[in-house]
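Please open the model in a viewer and keep the selection tool at hand. The stops below say what to select and what is to be found there.

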Amino acid sequence: LFGVSKKAKFGQSKPINTQSIQKEWRKVIEQNQQEIKDLFNYGKIEDWVECRTLMENDFTFENEIYELLINWLTSIDWKDEKEVKSLFYYTEIVSNSDYKPNPLVLLKYHKQLQETLKKLIGKSDFIIISGVNSSKYSTLIDNIIKLYFYHTSHSWKNKNHVEQYDIDRTEMANLIPEYIKAYLGGISILVISVLKCNSAPINTYADLVLFYMKNDKSIEQYCPLASELFSKYNEPSDFFYKNASKITALVLKNDLSDKEITYFTKNVLLSQLGITNKEDTIQKLEKHLEKIKDNPKVAKHIVNTYEKDLIETSTNWHELYAKKENTAIRRIAVSKSTAQSAKMVLKSYPNNIEARVLKNLLEKAIEFKNKPKVYNLNNKPITIFKDLHFKFLVIEELMYKQKVLLPFFDLHIFAKEYTAKEIETDAYEVIPEVKKYFRNLEIPENLLKKVKILHQDSGLDGGSEFIYQMYSNWDPGAGDEVFKVSNKAIYDLDLLPNLKEIIGLENSNPSNKLKKTLKDRNVKLTNEE
């Protein structure tokens, strides 16, 4: 395997690479699973739960994978460059979910893996694979920790099943601070996701941020812990983001030098808000271009893109900065944790040069909050629908099909301007603020006259747009239902004088009374195809 055939008996596909081995592993796992399932199909195993349990406890093949990993880690000659590179590739394969291993197998090897990792952490870092995307010894350790992100019984195979085999990630998460302090800079987001299982995650995270601030080697570098605290891509429920102000408070309790608070404000907080100065931005682009320009593996159009960005930054900085500033202002206005953190820094260090930037952003965030918004939740509609779900169908027709009901509602724009609380756009349930907006939305009489057809989409045609705006992860394949129209819609029909047809109303299981009323009004009911 990767030139180390004495340590592996599988991976014989040609050419031997990551993709071919993953494909082969998946094939072996599927064959093993099918053999057990066949026993159920042939009546040799009578109970399906017993069959599934046997499938989920079949460690035959994965035993080889983990035994090889642990034996290799404990017996490898770290001076043998070829073998070390092969081991690194092996950890890359094992530490992702592409071949979908049995997640319970990690439980069996957890103690061995943990003890092995304790011995590995602290060894001096070195480059294993050089190049644009160089990989180090620390990346190999990172790969092993990532096993606890992908391959626990939280994964898809064991959803609501065999919970007694669940792995407590705390033990591994408690090793992560030691790993981070040993290898500054090379921390993946997936490892940070495991860190939240630490026995004291908030205090530990604050301690690690402080460690970056006080470490001379890292003081001018980007802090890999920053994005989980203040990135614009975080959702309100994300653990470290939700607790960012608590973590900031713990950091600020320490006696910080001006250099250290500048680091926190600039490299942890402002950088995640997209606020950088012209010189730093140009320097970063130039360094990146230097790395990729002469690399044959980097496509020419990518190099061209960075070159254009560099020219644009050099010649049109004020316009670019204004856009970044507007984004940062919106973020502070809607994110309570970010705003509180900014206020704490400003209060504790008002004279710091970077803190003055925060002051400007906070003042403008207050102005933003008081500005008129595109979407007004507090409309007092003249036209009242008795059946809100029926109104949703009308909104779908006029706003998303005919495109005449304006403003066109976009969840992401709404979330950026709504300041009463933070809206989680990656929603697994109805967002109440969006529902309220649609409920209070005025639909003028002249537009109601334009409604001739309504369509209740079950999801066969992709689903109605209004649903995804209100419930972004709505999934009819997972059992999520349409918003059913009730008999109250009878009283709303007078609002739609030109309605001629409703497609897909069978998805609401309409009552005979509703169907008869529609028939009497010459409204055709057409089943969804």
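Select S245 and display its surroundings: leaving aside residues up to four places away in sequence, S245 touches S337, Q340, S341 and M344, where contact means heavy atoms within 4.5 Å. S245 belongs to helix α13 (residues 244–252); helices (H or I, at least four residues) and strands (E, at least two) are DSSP runs, numbered from the N terminus. With a relative accessibility of 12%, S245 counts as buried; buried means under 20% relative accessible area, exposed over 50%, and partly exposed in between (1.4 Å probe, protein chains only).

The model is a predicted one, in which local features need pLDDT of at least 70 and side-chain atom pairs count only at pLDDT 80 or more, while totals for chains, interfaces and linings use all residues. Residues are numbered from 1 along each chain as its sequence is written, and side-chain values use heavy atoms, with hydrogens and water left out.

Next, select helix α16 (residues 300–315). Its 16 residues reach 23 Å from the first C-alpha to the last, close to the 22 Å expected at 1.5 Å a residue; the expected span is 1.5 Å times one less than the number of residues. Which residues of α16 are buried? They are V303, L310 and T313. Viewed down the axis of α16, these buried residues fall within an arc of 90°, so they line one face of the helix; the arc is that of the directions from the helix axis to the C-beta atoms. They pack against α15 (278–292) and α17 (317–334). On the other side of α16, the exposed residues are K300, H301, K308, I311 and T315.

Move on to helix α25 (residues 512–520), whose buried residues are L514, T517 and L518. Down the axis of α25 they fall within an arc of 100°, so they line one face of the helix. Their cover includes β4 (501–503) and β5 (524–526). The face turned away from the buried side of α25 carries N512, K513, K516, K519 and D520, which are exposed. After α25 comes N522, with a positive phi near 60°.

Now display the aromatic side chains. The structure holds 27 aromatic pairs; rings of Phe, Tyr and Trp (its six-membered ring) pair if their centres lie within 6.5 Å, and planes under 30 degrees apart count as stacked, over 60 as edge-to-face and the rest as tilted. Select W25 and F61: their ring centres are 6.2 Å apart and their planes stand at 75°, so the pair is edge-to-face. W25 lies in helix α1 (residues 18–41) and F61 in helix α3 (residues 60–75), so the pair ties together parts that are 36 residues apart in sequence. W25 is buried at 0% relative accessible area, and F61 is buried at 6%.

Y179 and Y183 form a tilted pair, 5.7 Å from centre to centre with 50° between the planes. Ring pairs also link Y375, F392, F409, F414, Y418, Y437, F438, F466 and F483 into a cluster.

Finally, select the cysteines. How many disulfides does a search of the whole structure find? It finds zero, a disulfide being a pair of cysteine sulfur atoms within 2.5 Å. C223 is in no disulfide, and the nearest cysteine sulfur, that of C197, is 20 Å away. C223 counts as buried, at 0% relative accessibility.
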